[in-house]
Amino acid sequence: MKHIFSKQNRALLRELVRTDFKLRYQGSVLGYVWSLLRPLLMFVIMYVVFVKFIKVNFGIPHSAVYLLIGIVLWNFFNEMTVQSLGSIVGRGDLIRKIRIPRWMIVFSSSVAALINLGLNLVIVAIFMVADHVAVTETLPLILLILLEVYLFALGISLFLAAAFVKYRDVGYIWEVLMQAGFYLTPILYPLSQITNVAIQKILMLNPMAQALQDARYTVVSHQTPTIYRLFEGGYYLFIPFIIVVFVLIAGLLYFKKEAKYFAENI
Amino acid sequence: MDAPNDTNDIAIKVDHVTKTFKLPHDKQTSIKGLLIGLLRGGKRTFENQIALKDVSFDVKKGDFFAIVGRNGSGKSTMLKMLAGIYEPNKGGIQVNGKLTPFIELGVGFNHDLSGRENVFLNGALLGFNRKEMEGMYDDIVEFAELERFMDQKLKNYSSGMQVRLAFSIAIRAQSDMLLLDEVLAVGDAAFQQKCFDYFEELKRQNKTVVFVSHDMGAVQRFCNRAVYIKNGILLHDGTPGEVADMYTLDNMESMQANEEKQSKKQKDDGPKLPKDFSLTTKVAEQTAEKLVLDVNYKSKTTKDDPMYVAFSVIRDGASIAEMTTPLDLKLTGDGHLTYTLDLSLFNAGSYEIPTILCLQSSRKLVALSKHKNRFIIKGNDPIRGASMRLPDTWQQK
């Protein structure tokens with residue numbers, strides 16, 4: 001554990017993330033501004049379509065912020081897993097020629113995604129102030145929720161990155177799964193839209209749905225239907241957390257097992 | 001455990017290491033392929049390529065250690081396992097001390113970043129943080145002689161410039177043991193001299209170096225020990241001179257084999273020679289002092305149309321000497337000659353003697369021997385690098 005954050009690893013992480021960002025915005029006039037502008041524009045489109053045209057009714061005030069939080073969290077999850085998936089293969093030149101901790105490469109992708117999440121949360125904060133959202137005492141809990149989402153995404157990322165080295169189909173499969181996940185998670189619609197309570201309960205077992213609703217609860221409105229309210233204290237409400245822990249451990253173990261052979265399999 | 005002093009001076013211990021690569025006949029990188037494979041009874045056909053077989057050796061602290069072998073012999077695989085990039089299938093590698101993690105220069109260089117940014121990225125891969133790199137930055141740039149180019153993108157660098165930059169960073173790596181793979185393959189004479197100076201410096205500092213190269217000159221100049229690997233098997237562990245000789249011999253054998261194949265193939269498309277003539281020369285005897293060639297010629301010529309045999313001695317593709325049979329020795333019809341060459345005139349190296357048969361009247365080439373008559377002068381002569389020495393006498397007064 002001690003040398004996970006050794007001087008060398010920290011320096012390497014910094015340079016890998018820095019390079020990532022530099023290359024991403026290379027040749028564009030606005031440069032880093034895009035990392036703020038892109039989510040902002042995406043959000044404006046979704047807001048106009050879903051809040052103004054389709055008039056999705058979340059049944060609470062501040063539905064713009066409500067929608068925004070969902071999109072931001074999902075985007076983070078999507079970006080982190082997709083970027084990590086190709087990270088090992090994408091850095092094949094390093095893997096084949098130098099001994100650096102393999103997990104560093106996935107980790108640096110995840111940090112890049114975290115930085116983007118931070119920028120997006122700044123936009124959320126701006127909207128919250130503009131929309132006069134009343135901050136409640138539950139706000140600090142958002143950090144725990146973000147941690148949960150991060151660990152869930154990290155477990156999946158490690159698994160995907162290692163599997164992608166052997167099977168390139170993983171990329172396409174994950175794309176489809178993410179599409180399905182986007183609609184199975186109550187991001188663009190309120191959970192109450194689903195009239196069947198059993199289905200509501202099943203949907204909420206997904207850690208992303210649980211985390212998303214919790215985030216909305218802590219930040220925007222205590223009227224948000226959460227898994228605790230849905231299961232009314234039954235033990236089922238622990239299932240999303242068990243899934244997160246399981247995915248993280250399984251991802252770590254699989255990655256550790258495969259990492260030895262990355263250099264020859266890429 | 002009983003003799004701690006013995007184990008302490010060993011830097012790297014390679015213990016019965018075997019490495020095989022599983023090469024699927026049709027590389028399955030898709031799940032569909034996997035499923036089809038399973039439907040066929042799970043029998044995917046693999047080729048187990050043995051890259052290294054039961055290799056053991058020790059590198060002592062302060063050794064300048066060469067791993068020599070022909071292309072595909074497994075030496076780079078060995079180096080990658082030493083670096084920890086590959087895992088051995090069997091056996092183990094113990095490393096005593098800090099080892100450089102890279103085996104090639106300029107790992108992670110990105111062509112879309114500037115020279116400056118690449119210095120920091122490459123430095124981080126070697127374990128330096130930004131602050132340390134800033135301290136070394138000016139020295140690195142100066143050593144690479146690239147002051148004017150540092151803000152340009154790497155893709156605008158020539159390959160020589162890239163290597164210079166990479167080398168300047170790499171030599172900052174602070175470890176007790178270095179792994180070097182073919183550093184000398186690129187770069188001009190001035191760069192090679194820099195490399196050599198650096199090697200001398202490493203030797204003075206008593207660093208342990210494992211060196212993979214095809215340059216037997218450098219191997220003999222710097223290394224104190226060498227191993228020879230052929231087809232994944234360690235054939236010899238000894239002095240650089242012995243290993244360099246094995247390498248040269250091995251190369252020659254395969255060149256000869258290739259040549260025979262070629263000459264069989266090229267029977268039709270060689271130079272058009274008259275069919276009535278033939279010439280064969282073979283090495284009849286080689287000792288340290290002399291080389292005897294057997295020369296046989298066949299023709300239908302008569303006294304009016306004599307011939308001569310010409311020899312040239314070739315080293316590294318360049319002719320360094322030419323001889324002919326004396327012109328008053330008018331060769332006609334069929335005949336057999338022996339030719340003796342005084343080998344004491346040659347310095348160490350590998351030579352060949354192609355022979356041809358010509359008509360004296362028109363100097364026209366009428367036949368050439370299939371055999372190139374290779375010979376090697378063994379030895380390790382760091383002083384006399386040229387091919388030949390002239391007969392001379394010295395007197396001390």
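How many residues of chain A are in contact with chain B, and how many of chain B with chain A? In this predicted model, 30 residues of chain A are in contact with 39 residues of chain B. Contact here means heavy atoms within 4.5 Å.

Residues are numbered from 1 along each chain as its sequence is written, and chains are lettered from A and ligands numbered from 1 in the order in which they are written. Local features need pLDDT of at least 70, side-chain atom pairs count only at pLDDT 80 or more, totals for chains, interfaces and linings use all residues, and side-chain values use heavy atoms, with hydrogens and water left out.

## The interface

The size of an interface is often given as the accessible area lost when the parts come together. Chain A and chain B bury about 2,900 Å² between them. Carbon and sulfur atoms carry 57% of that area. (Buried area is the accessible area, taken with a 1.4 Å probe, that two parts lose on being put together, summed over both.)

The rule finds 5 salt bridges across the interface. A salt bridge is a side-chain nitrogen of Lys or Arg within 4 Å of a carboxyl oxygen of Asp or Glu. One joins Lys7(A) to Glu132(B), with the closest N and O atoms 2.9 Å apart.

On chain A, the side that touches chain B draws at least two residues from each of helix 1, helix 5 (92-97), helix 8 (169-184) and helix 13 (262-265). Helices (H or I, at least four residues) and strands (E, at least two) are DSSP runs, numbered from the N terminus. Helix 1 of chain A gives the largest share, 11 residues. By class, this side has 11 nonpolar, 4 polar and 15 charged residues. Ala, Val, Leu, Ile, Met, Phe, Trp, Tyr, Cys and Pro count as nonpolar, Asp, Glu, Lys and Arg as charged, and the others, Gly among them, as polar.

## The empty spaces

Rolling a probe the size of a water molecule over the atoms shows where empty space is left. On a 1 Å grid over the protein atoms alone, a cavity is a set of points where a 1.4 Å probe fits but cannot get out; a pocket is an open set with protein on both sides within 12 Å along at least five of seven lines. Lining residues have an atom within 4 Å of a point. Grid points are joined across faces, edges and corners, and a volume is the space filled by probe spheres set on the points.

By this rule there are 5 cavities of 30 Å³ or more.

| Space | Volume | Lining by class |
|---|---|---|
| Largest pocket | about 1,500 Å³ | 32 nonpolar, 10 polar, 8 charged residues |
| Largest cavity | about 60 Å³ | 7 nonpolar, 2 polar, no charged residues |
| Second largest cavity | about 60 Å³ | 3 nonpolar, 1 polar, 5 charged residues |

The largest pocket is lined by 50 residues. Asn9(A), Ile100(A), Pro101(A), Arg102(A) and Trp103(A) lie nearest its centre. Helix 12 of chain A gives the most to this lining, with 6 residues. Chain B supplies lining too, with helix 3 (75-83), strand 4 (90-95) and helix 4 (115-125) each giving at least two residues.

The lining of the largest cavity includes Pro39(A), Met42(A) and Phe43(A). Helix 3 of chain A gives the most here, with 4 residues.

The second largest cavity is lined by residues including Glu15(A), Arg18(A), Glu117(B) and Arg130(B). Helix 1 of chain A and helix 4 of chain B each give two or more residues to this lining. Helix 1 of chain A gives the most, with 4 residues.
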